[in-house]
Amino acid sequence: MAYASETQYRADSSELIAVDATLARRLDCAENQRWLRIEGLRYIPGKAEPLARTEVFVAAAYAGVARLLGRRPGPIYRWVEDQYGERVSEVEQRIAAQIVPEELVPTLRVEPGSAAVEIRRTYRLGNGAVALISF
């Protein structure tokens with residue numbers, strides 16, 4: 001959790017989407033389910049080069065957090081908690097090794113073929129509902 005609060009997230013884009021079949025498999029959800037998709041880069045304070053690309057999917061019920069982008073520091077899951085009176089009770093984390101996708105090589109300023117770690121975090125509320133998923 002310190003990763004989200006000790007780094008700076010700069011969102012490049014956000015949009016409310018209905019997921020296609022491919023993204024539904026990635027999110028483990030139903031096709032056409034609506035999510036707020038936020039994409040951006042994460043930085044260590046004082047460093048010019050990005051630490052990571054971060055993609056966040058917020059369940060449509062909590063999409064109002066988009067208004068806080070660029071206006072409020074801290075992790076997005078806390079925005080959901082504060083704005084909607086919900087509490088995240090479980091965070092599932094999956095870690096996998098992979099090669100940095102070619103389209104991210106110039107953005108992340110790494111060599112082609114560089115190794116990367118993909119971390120998927122699923123944030124669940126007390127009732128078991130998924131509030132957000134980050135990659």
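Some ground rules. Since the model is predicted, local features need pLDDT of at least 70 and side-chain atom pairs count only at pLDDT 80 or more, while totals for chains, interfaces and linings use all residues. Residues are numbered from 1 along each chain as its sequence is written, and side-chain values use heavy atoms, with hydrogens and water left out.

I will start with salt bridges. Side chains of opposite charge can pair when their charged atoms come close. The rule here is a side-chain nitrogen of Lys or Arg within 4 Å of a carboxyl oxygen of Asp or Glu. The whole structure holds nine salt bridges.

One of them joins Glu-55 to Arg-26, at 2.8 Å from N to O. Glu-55 is in strand β3 (residues 52-59) and Arg-26 in helix α2 (residues 21-27), 29 residues apart. Helices (H or I, at least four residues) and strands (E, at least two) are DSSP runs, numbered from the N terminus. Are these two side chains buried or exposed? Buried means under 20% relative accessible area, exposed over 50%, and partly exposed in between, with a 1.4 Å probe and protein chains only. Glu-55 is buried at 2%, whereas Arg-26 is partly exposed at 29%.

Next, Glu-39 and Arg-37 form a salt bridge, with the closest N and O atoms 3.9 Å apart. Through shared partners, salt bridges join Arg-26, Arg-37, Glu-39, Arg-53 and Glu-55 into one network.

Now the rings. A pair of aromatic rings is described by the distance of the centres and the angle of the planes. Rings of Phe, Tyr and Trp (its six-membered ring) pair if their centres lie within 6.5 Å; planes under 30 degrees apart count as stacked, over 60 as edge-to-face and the rest as tilted. That gives three aromatic pairs. Among them is the edge-to-face pair of Phe-57 and Phe-135, 6.3 Å centre to centre with 85 degrees between the planes. Phe-57 lies in strand β3 and Phe-135 in the segment after β6 (130-134), so this pair ties together parts 78 residues apart in sequence. Both Phe-57 and Phe-135 are buried.

Why is the pair of Tyr-77 and Tyr-123 stacked? Because their planes are at 20 degrees, with the ring centres 5.2 Å apart.

Last, Arg-26 returns: its charged end sits over the ring of Phe-135, 3.8 Å from the centre. The rule asks for NZ of Lys or CZ of Arg within 6 Å of the ring centre and within 35 degrees of the ring normal.
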